[in-house]
Structure formats: C-alpha cells, structure tokens
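Take a look at the model below.

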Amino acid sequence: MGKSFYITTPIFYPNANPHMGHAYSTVFADIVARYHRLKGEEVYLLTGVDENTEKVVRAAEAAGKSTDEYLAHVVSNFKTLFADLSISYDQFIRTSDAERHWPGAIALWKKIEVAGDFEKRSYRGLYCVGHEAFITEKELVDGTCPDHGEAPQVLEEENYFFKLSKYTAQIKEHIESGKLEIQPDTRRNEILALLSRGLEDVSFSRPAGKVSVGVPVPNDPSQKMYVWCDALANYISALGFGQNEALYTKFWPADAHIIGKDILRFHAAIWPGMLLSAGLPLPKKIVVHGFITSGGTKMSKTLGNVVDPQQLISEYGAEAVRFYLARHVSPFEDSDLTLSSFKEAYNADLANGLGNLVSRIMKMAATHLGKPVAVPEQAIPQSFMDALDAYHIQKAADIVSESIAALDRRIQETEPFKLVKTDKQKAEAIIEELVVGLYAIARMLNPLMPDTCEKIKALVRSNSTPETPLFPRKE
Ligand code: MSP
C-alpha cells in the first residue's frame, strides 16, 4: 500500500444550487487528489454538504417545500454537478445524516467537555444567519450586515461556550512552527495577526427551541450544537471517528483542507482549538483560495451575475470547465470569470490549442505511419509534479499549455507533412516524436482533464484521428 493522502473540500451550504465558487473548491481538491493517486498514494477525497443551517430552513420555506424535500432536491443537484465534473470523491457527507455524521460530532463534543472546555453562559449578541456567526456592532453598515444585506438577530440566550481563548498560544505555535501550514503566506500572516490579538471564546450551541435543525448536544436536550461546531467535525466524523475508526486511523490527520478565504478563521483558529482541546492531531495544511468574481464583483444571486457551472458544462463540456478553473483562476487571489472570458479562453486553449494539436498530429500519424507508435513510459516532468506538490494547480495547467505550444512550434519548424515528399524516413521519425510528445501531454492531463487524457491515449494506441474534434470551436 502506498502512502495515504487525505484531502477535503469545505462542505457546502445547500440553500441554493451550486455555483462556480463551489465548483472551484471541489475541482481544486479533485485535481490534487487525482495527482496523488497518479503517484501511487492511497487517497481519500471528502466532500459534502453543511445542512444544519437556518439558511436551508428559510430557503425551503421560500420554495414552499419541507426542509427534507428541499434538501433532497438541492443535494441531488450538487451530486449531479460533481458527477458531471468527474469529481472522484470517496465520500459525500451530509451533516443531517444521524448515522454517519452525528456520532462523530457528538464524540468530539464529549472530548471537549471532558477537557473542561465548555461553560454555560447567558449571552447577548448580534447573530447573522448569512455568516452563521455572531458579528459585532462595528461590522454593521446602517444596521445591516454588509455581506448579507440583512439586519442581524439580537440573541439573548443560554449557550455553551467553547473556551477557545485558552488555546491561542498553542494554535499560534503550531502555525509558526509549520506543524500546521497555512498556504499562501498572506493568509498565514492574516491568521497570525488575528492570533496576536488573542482569540475570544465562541458560543458553541443554541437553545434547541430556537433552531429547527442541528445535532443535539449530548446529555442536554435543551441545546443543539452550533452549526460550525458540527460542520468542522465532518472532517473526522466522515472517517468514522467515535464509531468504526478504521478510516480515521488510516487517514487522520488530513494532508490538506482546501477552503475559500472567507472561512479561514473557522479552519485555522476554531478547528485547531477544538482538536487541541480534544487531544487530537491537527491537520497538516490548510490551502486557502480566493474568490471567483464576475464582472469585477463577487458572484451573488442578488446581483444576478452568477455563472452557472451547468450552463458552461452543457455548452463547452465539463473537461473545459475543469481546465478553465485550473488555468485561468488564480489559486490564491481573486479572479474574474465572465461568459465571454470563458469562451475566449476555451477557443485559445482547447479548440485552437490542444484539440487542434491532437487532430494535426494524429492525422499525420494515421496517414504516414503504418502502425501505432510504441510510446515509452516516460516520467511526468518534474516541474509539473513540483507545481502540484505545492497545490499550484494554475502552474501545472500553464506547464501543459506551454507543452502544447512547444509541440505546435515543432510542427511549424519541421513541417513533416511537406517533408514526407522529400525525406519520408525523416518525416516519419518527426511524426513519431510528435506522437510521443502528445502522449506526454496526455499523461499530465490525467489530474486536470481525466477524460481527455484517456481519449488522447486511446487515439495514440490505435493510431487514429478523432472522429469529431475534441474541442469544437465556438463562435
Ligand atoms: N458551509 C460552510 C463551510 C463549512 S466547512 C466545514 C460554507 N459553505 S459555502 O457554501 O458558503 O461555501 C463553501 C465554499 O465555497 C467556501 O470555501 C467558499 O469560500 C467557497 N465559495 C463560495 N463563493 C465563492 C466564490 N465566488 N468563489 C470561490 N469560492 C467561493 O462556507
């Protein structure tokens, strides 16, 4: 058995259909997961949905459905999207799953309780359902939360507080020493700055009568767990923590949590605090990506600038969506995506780039070579491996694009289709070399565009041209 590698996506709020941001976190994790499988490692990729939120209850009400009915519908849309995008997840966890998820969340709660890190306090605060977190007066603009355009609820209630503040120094030490890596450095600095100011204790439960969904607090039926408390626990509950721990023993601690920048504090402060309290190992790394914006602003339903991944998939194919996300979205900064930027990139990278290259090379091979080229098992370029080892999926996609351009140049320089008339032997040798180069590109495509990788390999093996262009040009 190879080395084990555990990678997770955030679990998504299923209060609306998935959008490009959700697709991005997931494709990112899938590319890294496929790469590690290619290296022979035993990989576990976890994704899923974060269902115990009032957002879902409200969305269901607005749609005139019961919460369960609504969830069944939206969750199936997430699953369809992930299947269409060839997401090779090993498990799709649902936090409403009382058999799979709740025992782990409860076991973790109990460990924190035994450590003496819960305290019941009465509390008054401003709660933003959009954030699923308390916010401060200072953060409000004209009395509303600027991110969600809604006035917070004034809550006055008894909650269990998690004594996160006492773990500030330990969390800081883990991050400073690199035991818990935060990538990129800008996000690491951001969280270190927060830690230097000191962490506050967090409310970790809600009165059961006030929330309609949630995991029950063990031994206190009057309370339900705060949604982020049970959501973060998914990373170990999915591995059977607290019940059958075979997967947990094999895969925890996670090699990487892939997250967006808006949920850094939860993952790099609250989650490590919970694990330290429970005496469990911390994840090795948190990889923090930026936002996909559209026309310069964050995609949002109210602004009407949401790019629907399914629309792009039906027009361009899922492989094109994967490649775009890898090559044109910066992993660590915000990036803009519009329908027209997508089309332009598709035509340049795939229709005129890769697709055209495959057609040209395989046409020459099928016409001039009597049999398939015996392609050597060449290694994947080290620079490509280095990029993916560093979670730099964009660099990896750039290397593929550079290789495509280099092969294109080689055809232009050598013109084997002309040379074949004057020096057949030399022309054949060049065509063989081009096929070998194409096969090398196909190997790199394995994590990025798994279907295209297999298609190109099959064409090389059968020495044939694609019946229809792999990536038809779009006008
Ligand atoms: N449910 C929480 C996460 C719990 S993880 C234990 C949540 N859900 S979310 O659905 O709001 O967001 C899920 C992920 O999608 C986050 O990583 C978030 O950063 C990402 N994105 C949401 N909108 C995005 C963009 N427009 N662009 C890129 N990713 C963004 O937060």
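**Helix contacts, backbone and ligand**

Start with helix H5 (residues 168-176) and helix H10 (residues 264-278): their axes come within 10 Å and cross at roughly 110 degrees. Axes here are lines fitted to C-alpha atoms, for helices over the stretch in contact, and angles run from 0 to 180 degrees between N-to-C directions. H5 is therefore roughly perpendicular to H10. Angles of 65 to 115 degrees count as roughly perpendicular, under 35 as roughly parallel, over 145 as roughly antiparallel and the rest as oblique. On the H5 side, Gln-170, Ile-171, His-174 and Ile-175 make the contact, and on the H10 side Ala-268, Ala-269, Pro-272, Gly-273 and Leu-276 do. Contact means heavy atoms within 4.5 Å. Six of these residues are nonpolar, three are polar and none is charged. In this scheme Ala, Val, Leu, Ile, Met, Phe, Trp, Tyr, Cys and Pro are nonpolar, Asp, Glu, Lys and Arg are charged, and the others, Gly among them, are polar.

A word on the basis. The model is predicted; local features need pLDDT of at least 70, side-chain atom pairs count only at pLDDT 80 or more, and totals for chains, interfaces and linings use all residues. Residues are numbered from 1 along each chain as its sequence is written, and side-chain values use heavy atoms, with hydrogens and water left out. Helices (H or I, at least four residues) and strands (E, at least two) are DSSP runs, numbered from the N terminus.

Next comes helix H2 (residues 54-62) with helix H3 (residues 67-84). Their axes come within 9 Å and cross at roughly 95 degrees. That makes H2 roughly perpendicular to H3. Val-56, Val-57, Ala-59 and Ala-60 of H2 meet Thr-67, Tyr-70 and Leu-71 of H3. The H2 contact with H3 has six nonpolar residues, one polar and no charged.

How do helix H13 (residues 339-368) and helix H18 (residues 450-462) cross? Their axes come within 11 Å, at roughly 10 degrees. H13 and H18 are therefore roughly parallel to each other. H13 brings Leu-354, Val-358 and Met-362, while H18 brings Thr-452, Ile-456, Leu-459 and Val-460. Six residues of this contact are nonpolar, one is polar and none is charged.

Now the backbone. Most residues other than glycine have a negative phi, and most peptide bonds are trans. Gln-183 and Pro-184 are joined by a cis peptide bond, with omega about 0 degrees. Pro-184 sits in the loop between strand S7 (181-183) and helix H6 (185-197). A cis bond also joins Trp-252 and Pro-253, with omega about 5 degrees. Pro-253 is in the loop between helix H9 (246-251) and S11. Asp-142 is not a glycine, yet its phi is positive, about 50 degrees. Asp-142 lies in the loop between strand S5 (133-135) and strand S6 (153-162).

Finally, the ligand. A ligand oxygen is 2.6 Å from a side-chain N or O atom of Asp-262. Alone, the ligand exposes 670 Å², and the protein buries 95% of that (Shrake-Rupley method, 1.4 Å probe).

Note on methods:
Polar contact = N/O pair within 3.5 Å; in protein donor to acceptor, adjacent residues only side chain to side chain.
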